[in-house]
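Me: I have a new structure open and would like a tour. Can we start with the aromatic rings?

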Amino acid sequence: MRTFTTLDDVAAAAGSEIGTSEWLAVDQARIDAFADATLDHQWIHVDADAAGAGPFGTTIAHGFLTLSLLPHFASQVFSLETPGARLNYGLEKVRFPSPVPVDSRLRSHVRFGEVRDLPAGKQLIVEHTVEIEGQDKPACVAQHVVLLLA
């Protein structure tokens, strides 16, 4: 776990690998809970029989479920203890190169991308590559934009 206490520390880490999270299991209960929370009950996520006969042979996690795990993964890799507020500003590029079959395990490789100066602080791009255990292609590649206000 890396801890950043100043905006200069964050800026100095731009372009560097920060670390890799622990593995997290994505079981059917997690997929069903996400479907309930988002009202997205598409059969490929929640109907094991229909999904079993579908293109992946099983249910798969929602892409947005994978995306929603980024804060959890980040919290295992680094801590921003900089002065001032830290705000989720949004996302830049997000892609889902590979589906996540039920009972897969995921982890994220975290890298700090560009750090931009702002009048009120810094804008940090946190780059995530979410790996599926045993697969070559990642589940998700995303650039998370975080505002660090002074």
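Reply: A search of the whole structure turns up 3 aromatic pairs. Rings of Phe, Tyr and Trp (its six-membered ring) count as a pair if their centres lie within 6.5 Å; planes under 30 degrees apart are stacked, over 60 edge-to-face, and the rest tilted. This is a predicted model, where local features need pLDDT of at least 70 and side-chain atom pairs count only at pLDDT 80 or more, while totals for chains, interfaces and linings use all residues. Residues are numbered from 1 along each chain as its sequence is written, and side-chain values use heavy atoms, with hydrogens and water left out.

Me: Ok, what kind of pair do Phe4 and Phe112 form?

Reply: A tilted one, with 5.0 Å from centre to centre and 35° between the planes. The pair links distant parts of the chain, since Phe4 is in strand S1 (residues 2-4) and Phe112 in strand S6 (residues 104-118), 108 residues apart. Helices (H or I, at least four residues) and strands (E, at least two) are DSSP runs, numbered from the N terminus.

Me: Are Phe4 and Phe112 buried or exposed?

Reply: Both Phe4 and Phe112 are buried. Buried means under 20% relative accessible area, exposed means over 50%, and partly exposed is in between (1.4 Å probe, protein chains only).

Me: And why is the pair of Phe78 and Phe112 called edge-to-face?

Reply: Because the planes of Phe78 and Phe112 sit at 85°, with the ring centres 5.1 Å apart. Phe78 is in strand S4 (residues 78-80), 34 residues from Phe112, and Phe78 is buried as well. Put together, Phe4, Phe78 and Phe112 make one aromatic cluster.

Me: Switching to the core. Which residues touch the most other members of the largest nonpolar core?

Reply: Val26, Phe73, Val100, Leu106 and Val130, out of 19 residues in that core. A nonpolar core here is a set of buried Ala, Val, Leu, Ile, Met, Phe, Trp, Tyr and Cys residues joined through side-chain atoms within 4.5 Å. The elements giving two or more residues to it are strand S3 (24-26), helix H2 (28-38), helix H5 (63-68), H6, strand S7 (121-132) and strand S8 (140-149). Another core, of 16 residues, lies apart from it, including Ile18, Val77, Phe78 and Leu148.

Me: What does Val130 touch?

Reply: Not counting residues up to four places away in sequence, Val130 touches Thr66, Leu70, Phe73, Leu106, Arg107, Ser108, Pro138, Ala139 and Cys140. Contact means heavy atoms within 4.5 Å.

Me: Which residues of helix H6 are buried?

Reply: In H6 (residues 70-77), the buried ones are Leu70, Phe73, Ala74 and Val77. They cover an arc of only 100° around the axis, so they are on the same side of H6. That arc is taken from the directions from the helix axis to the C-beta atoms. As background, an α-helix has 3.6 residues a turn, so residues three or four places apart point the same way.

Me: How about H2, what is buried there?

Reply: Ile31, Phe34 and Ala35 are the buried residues of H2. Their arc is only 100° around the axis too, which puts them on the same side of H2. These buried residues pack against S3, helix H3 (43-46) and H5, while the face turned away carries the exposed residues Ala29 and Ala37.

Me: What comes after H2?

Reply: Leu39 follows H2. Leu39 has a positive phi of about 60° although it is not a glycine, and its place is in the loop between H2 and H3. Leu39 is exposed, with a relative accessible area of 70%. Asp103, also not a glycine, has a positive phi of about 70°; Asp103 is in the loop between strand S5 (86-95) and S6.

Me: Last one: is His45 buried or exposed?

Reply: His45 is buried, with a relative accessible area of 7%, and is found in helix H3. A polar atom of its side chain lies 2.7 Å from the backbone oxygen of Ile60.

Note on methods
A polar contact is a pair of N or O atoms within 3.5 Å; within protein, one must be able to donate a hydrogen and the other to accept it, and residues adjacent in sequence count only if both atoms are side-chain atoms.
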